[in-house]
Amino acid sequence: MPDSDAFPRSRSPRTGGHGAAVPLLFAGVLVAGVCGGWPPQAAVAGAPAPAAAVARPASPAPSAGALERHTAPAPVSRGGGRWDAVYDAAGWTAYRRSLEGAYTGVGLSVAHDAEGALRVRRLRPGGPAEAAGLRVGDRLLTVAGRTTEGVPVTEVVALLRGGPDAGPGSPVTVRLERAGREHTVRLRRATVTTPPVSVHPLGPEAVRIKVSAFTKGSGARLREAVAEVPHGTGIALDLRGNPGGLVTEAADAAGAFLDGGLVATYEAHGAQQALYADRPDPGEPGPDARRPVVALVDAGTMSAAELLTGALQDRGRAVVVGERTFGKGSVQQPRPLPDGGAAERTVGHWRTPAGRDVDGTGLVPDVPGGDEQARTVLSGLGHPS
């Protein structure tokens, strides 16, 4: 993707020798609260999100610049930043594939409940976990022979996905508890390609548009989905569990609701830059500024997804409904390594159009709740005539 598409009105650094753009990454991870302090903790095992961990003295934390990264044999953060990471060639190749929306996993989401137990939160239709009979609410006791008690969700996700050699068809055994009885299930990982944007009904005069991650092409797909929604129909933009991704795609997605203007400011190597939503081409209709819009968020809404949410909230374009977001506001830049891998370094932070720094604090919703509250808010916002 060319620099002009990646950062309107600014330029991203380049790699040496090949002239390929190396964009700054506002990407996140699907794991919320890996170091504690962000309730509730949640992660998706087998969806576009990183599994690569940064080696740290305490517990490993995933890199912020990835969507789906398979853990390198010994990833090391040489720079010492919380979101810095180093990947071997296999891990870096898997990451690049993930930007296309392809990943290897078992197709389930996990989350800690109020008592700290790790439970199945969602199942991907047709995925290995669903096919093996797992159910939402099952408690995961062990994964690959290791207990989940007291283990960060990042480590559980890494176990479910396996290392760089754990390709499609590789097995992983889980022990779960359901209705007081324990069961052992053997899963086989699979390669899955997930559409990053999907549309679902949300009542007679509203639709829910789910964006699972900002992989390549997701911004254009969101704009197309919004354009196909009938005039007068409200939209709930569902960014729950969205780990972030490519900032280029988040900026492109902003154009579905904002007729140009500021999306965020960011700092890179001490220099201040601005990120803008593209205006429609001459002759093309702009976004419907009167359409009711709600942004649905939770503790798994991260990075580029927070960037888009913050822009819509600051500019009065959407009412934010849900939970406080994760709070990942740093910016990473990957650099190639001689062995074919890559190293990510934190080079700055981004802020919302109103100057809010979300790093470590997240975005506070305007209204707590979920789908029902989204329908109520959309109804209260009214519909253009």
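Me: How should I read the word "buried" when it is applied to a helix residue, and where do buried residues occur in α7?

Reply: Buried means under 20% relative accessible area, exposed means over 50%, and partly exposed lies in between, with a 1.4 Å probe and protein chains only. This is a predicted model in which local features need pLDDT of at least 70 and side-chain atom pairs count only at pLDDT 80 or more, while totals for chains, interfaces and linings use all residues. Residues are numbered from 1 along each chain as its sequence is written, and side-chain values use heavy atoms, with hydrogens and water left out. Helices (H or I, at least four residues) and strands (E, at least two) are DSSP runs, numbered from the N terminus. In helix α7 (residues 304-314), ten of the eleven residues are buried, so α7 is largely enclosed by the rest of the structure; among them are Ala304, Leu307, Leu308, Ala311 and Leu312. Just after α7, glycine 316 takes a positive phi of about 65°.

Me: What is a nonpolar core, and which residues touch the most other members of the largest one?

Reply: A nonpolar core is a set of buried Ala, Val, Leu, Ile, Met, Phe, Trp, Tyr and Cys residues joined through side-chain atoms within 4.5 Å. The largest such core has 42 residues, and Ile209, Phe214, Leu222 and Phe257 touch the most other members. The largest share of this core, six residues, comes from α7.

Me: Which residues does phenylalanine 257 touch?

Reply: Contact means heavy atoms within 4.5 Å. Leaving out residues up to four places away in sequence, phenylalanine 257 touches Leu222, Val226, Ile235, Leu237, Pro287, Val293, Leu312 and Arg317.

Me: At what angle do the axes of α5 and α6 cross?

Reply: Axes are lines fitted to C-alpha atoms, for helices over the stretch in contact, and angles run from 0 to 180 degrees between N-to-C directions. The axes of α5 (residues 218-228) and α6 (residues 247-254) come within 7 Å and cross at roughly 15°. Angles under 35 degrees count as roughly parallel, over 145 as roughly antiparallel, 65 to 115 as roughly perpendicular and the rest as oblique, and α5 and α6 are therefore roughly parallel to each other. The contact joins Ser218, Gly219, Ala220, Leu222 and Arg223 of α5 to Glu249, Asp252 and Ala253 of α6.

Me: Where is glycine 360 placed?

Reply: Glycine 360 sits in the loop between β21 and β22 (367-368), and glycine 360 is partly exposed, with a relative accessible area of 43%. Its C-alpha atom is separated by 4.7 Å from that of glycine 327, 33 residues apart along the chain.
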